[in-house]
Amino acid sequence: MRETVLIEEMTWPEVREAIRRGKRRVIVMLGAMEQHGPHLPIGTDTYLGYATGDRLARRLGDALVAPVVTLGYSAGHLPMAGTVSIEETTLQAVIADVCRSLARHGFREIVLLCSHGGNYRALRNALAGVRDEHRDLRISAITDFDEWLEHTTAFAAREGLDMTRLGVHAGQGETSLMLAHRPDLVQMDKACEGFTGDASIRWRSKVPPPMDTMSPTGILGDARESTAGLGETMFRERIERVAQMIEAGALAR
Ligand SMILES: [Zn+2]
């Protein structure tokens, strides 16, 4: 049987024992429940949160994955059916509560990561308070969406991919990741071209414009040339890069 690294699949004595035996890190992924075009499920960012947490924990070797925070700040996606959004202040409070719970169990480091772009600001806003409250713990986090964007743009250039098609939402990138992780949930026959222009207003404004005014399909990018192989390559690049940053202490205070 494959040994799980997901806390929610373990019993409490197993969690206690795993921490005792050296699982000193716990990864908290911040996901979402929002529309992802006509071809990907509402839970995409949450499924990718599980995939990223699982792969990262196995790569680090000394980490467990906390239950993924399944609701995020997705206000701009609310015009599309099925999206469930919480306020940024709610998300900040959830982040603080999750860390407060995990801090009791003996971990030495909490790693906070977003698998949904809309969560970065709430994480940034929550971080100082969390670090203040848990001075005995290392609190590591990636709080900068621009950094994610730069790395993804550089990845696209190296791989000879068009960043406007790889996209920032439900495009070739996310669709490929889902084809690698949960192909049963991807409807490639419905994958299409979405908005491929400059979408930066979405992450530059405090309240992003409603998605349907920018892309009627809900896609930023072009989902059509997605493959599981590209998804695997993206996972590998991302996991290795973040793992090295964690190991170097670059994400800590
Ligand atoms: Zn997404």
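Reader: Which residues does R253 touch, not counting residues up to four places away in sequence?

Author: Two residues are in contact if their C-beta atoms, placed from the backbone, lie within 7 Å. By that rule R253 touches R131 and I139. This is a predicted model, where local features need pLDDT of at least 70 and side-chain atom pairs count only at pLDDT 80 or more, while totals for chains, interfaces and linings use all residues. Residues are numbered from 1 along each chain as its sequence is written.

Reader: Is R253 buried or exposed?

Author: A residue is buried if 20 or more other C-beta atoms lie within 10 Å of its own, exposed if 12 or fewer, and partly exposed in between. R253 counts as exposed because it has 12 C-beta neighbours inside 10 Å.

Reader: Where is R253 found?

Author: Helices (H or I, at least four residues) and strands (E, at least two) are DSSP runs, numbered from the N terminus. R253 lies in the segment after helix 10 (228–247). Between the C-alpha atoms of R253 and V15, 238 residues apart along the chain, the separation is 26 Å.

Reader: What order do the strands of the open sheet have?

Author: Two strands pair if DSSP finds at least two bridges between them. Here the open sheet of 4 strands has the order 2-1-3-4, and the pairing is parallel. Strand 2 and strand 4 (138–141) are the edge strands, each pairing on one side only. From one strand to the next the twist averages 25°; such angles run from 0 to 180 degrees between N-to-C directions, with axes being lines fitted to C-alpha atoms.

Reader: How many bridges join strand 1 to strand 3?

Author: There are 6 bridges between strand 1 and strand 3 (residues 109–114), which run parallel. M29 has L113 as its bridge partner in strand 3, and L30 stands opposite C114. Strand 1 also pairs with strand 2 (residues 63–65), in the parallel sense over 3 bridges; there R25 stands opposite A63.

Reader: Which residues of strand 1 lie on each side?

Author: In a regular strand the side chains alternate between the two faces of the sheet. In strand 1, R25, I27 and M29 are on one side and V26, V28 and L30 on the other, and all are buried.

Reader: Why is strand 3 described as largely enclosed by the rest of the structure?

Author: Strand 3 is described that way because 5 of its 6 residues are buried. Strand 3 is joined to strand 4 by 4 bridges, with A141 in strand 4 as the bridge partner of L112. The chain crosses from strand 3 through helix 4 (residues 120–133) to strand 4 in a right-handed β-α-β crossover. Right-handed applies if, with the strands pointing away from the viewer, the path from the first strand over the helix to the second runs clockwise. Strand 1, helix 2 (residues 44–60) and strand 2 also make a right-handed β-α-β unit.

Reader: Which residues touch the most other members of the largest nonpolar core?

Author: In soluble globular proteins, nonpolar side chains tend to be buried together. A nonpolar core is a set of buried Ala, Val, Leu, Ile, Met, Phe, Trp, Tyr and Cys residues joined through C-beta atoms within 7 Å. Of the 60 residues in the largest one, I27, V28, I95, L112 and L123 touch the most other members. Helix 2 gives the largest share of this core, 7 residues.
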